[in-house]
Amino acid sequence: KALILAAGQGSRLRPLTNSRPKCLVKLAGKTLLSRQVSVLHSENIHDIHIVTGYLGEQLENLGFQTFKNESFDKTNMVVSLFCAMEFIESCNEDLIIAYGDIVYNPNNLKALLKSNDEISLMIDKNWRDLWSLRLEDPLDDAETLKVDNYDYVTELGDKPSGYEDIQGQYTGLIKVRANMLKPLANFYKSLSQSSKYQGERLDKMYMTTFIQLLINANWRVKAVNVVNGWLEVDTMEDLKAYEKLIEKSTLNTFYEI
């Protein structure tokens, strides 16, 4: 099964997101959502659910089962994820969790599906080329990622002091093994009941912070390494950079449209 997190306002993609959710912005004539759904279908994943928020009715009208983050304008991705708490707790199959503003090629999804670890993350080993296309200084928007000798993640989501702190870049595509879904929900509940994480600290928590807390609690988080084959569409500058490559027929270096 799959759960796509698409609650955010996508303010850095305005004016395109003035009238649509971020995942309904188009890349090369197709929405980001339709591109994700096509790839999921190609791997026989048809049970697809969406967490909505901003202009959520547009996604609800597409026929997916949806869960709404009513506080989408005040909360981050972790809260959005657990707006689907009942679904997560009742899911008895492996679950793909995907950000709504990414696209990825089938081979990347296949690599993730092959992993049978508790939690698996799609990690781009060639991230620096993509970040160099999107940003003047790749370190401006990069996060630390360190793995051990067996490709289990030990550190994720901090501000790097240099490229040596980044052994790959987390892409926003996650797989959770079926038997770990209830424990995952219980872990979140334990945070929400802890005085340390109540209120804004949990509301504003990034997914990378949540995953790091799992790692600190001895969860095994596997890095599934890929080389390119995906894009994040976070800003108008991203979209313009990709459109320039499409005009030159060179976007396939990063993502096959």
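At 61% relative accessibility, Tyr150 counts as exposed, where exposed denotes a relative accessible area over 50%, buried one under 20% and partly exposed the range in between, computed with a 1.4 Å probe on protein chains only. Tyr150 belongs to the loop between β9 and β10, and its C-alpha atom is separated by 26 Å from that of Pro138, 12 residues apart along the chain. The model is a predicted one, in which local features need pLDDT of at least 70 and side-chain atom pairs count only at pLDDT 80 or more, whereas totals for chains, interfaces and linings use all residues. Residues are numbered from 1 along each chain as its sequence is written, and side-chain values use heavy atoms, with hydrogens and water left out.

The loop that holds Tyr150 also contains Asp151, which is found between β9 (145-147) and β10 (153-156). Asp151 has a positive phi of about 65 degrees although it is not a glycine, and with a relative accessibility of 26% it counts as partly exposed. A positive phi of about 65 degrees is likewise found at Asn44, again not a glycine, in the loop between α1 (32-42) and β4 (48-52); Asn44 is exposed, its relative accessible area being 60%. In the loop between β1 (2-6) and β2 (26-27) lies Pro15, which is joined to Arg14 by a cis peptide bond with an omega of about 15 degrees.

For the chain as a whole, 10 helices and 13 strands are assigned, these being DSSP runs numbered from the N terminus, with helices (H or I) of at least four residues and strands (E) of at least two. The radius of gyration, taken over C-alpha atoms, can be set against a globule rule of 2.2 Å times the number of residues to the power 0.38. Its value for the chain is 17 Å, close to the 18 Å that the rule gives for 257 residues, so the chain is as compact as a globular protein of that length. The C-alpha trace spans about 50 × 45 × 35 Å along its principal axes, and 53% of the 257 residues count as buried. Among contacts (heavy atoms within 4.5 Å) with a separation of 6 or more, 72% are accounted for by residues 24 or more positions apart.

Two helix pairs illustrate the packing. The axes of helix α7 (residues 181-192) and helix α9 (residues 207-216) come within 12 Å and cross at roughly 100 degrees, the axes being lines fitted to C-alpha atoms over the stretch in contact, with angles that run from 0 to 180 degrees between N-to-C directions. Angles under 35 degrees count as roughly parallel, over 145 as roughly antiparallel, 65 to 115 as roughly perpendicular and the rest as oblique, and α7 and α9 are therefore roughly perpendicular to each other. On the α7 side the contact is made by Leu184, Phe187, Tyr188 and Leu191, and on the α9 side by Phe210, Leu213 and Leu214. These residues divide into 7 nonpolar, no polar and no charged, where Ala, Val, Leu, Ile, Met, Phe, Trp, Tyr, Cys and Pro count as nonpolar, Asp, Glu, Lys and Arg as charged, and the others, Gly among them, as polar. Helix α9 is mostly covered, with 8 of its 10 residues buried, including Phe210, Leu213 and Leu214. After α9 comes Asn218, with a positive phi near 75 degrees.

In the second pair, helix α6 (residues 127-134) packs against helix α10 (residues 236-247) at an angle of about 105 degrees, with the axes 9 Å apart, which makes α6 roughly perpendicular to α10. Leu130, Leu133 and Arg134 of α6 meet Asp238, Ala241, Tyr242 and Leu245 of α10, and the residues of this contact divide into 5 nonpolar, no polar and 2 charged.

With a disulfide taken as a pair of cysteine sulfur atoms within 2.5 Å, the count comes to 0 disulfides. The sulfur of Cys83 is 15 Å from the closest cysteine sulfur, in Cys23, too far for a bond, and Cys83 is partly exposed at a relative accessible area of 29%. For Cys91, the closest cysteine sulfur is that of Cys83, at 17 Å, also too far for a bond, while a relative accessibility of 6% places Cys91 among the buried residues.
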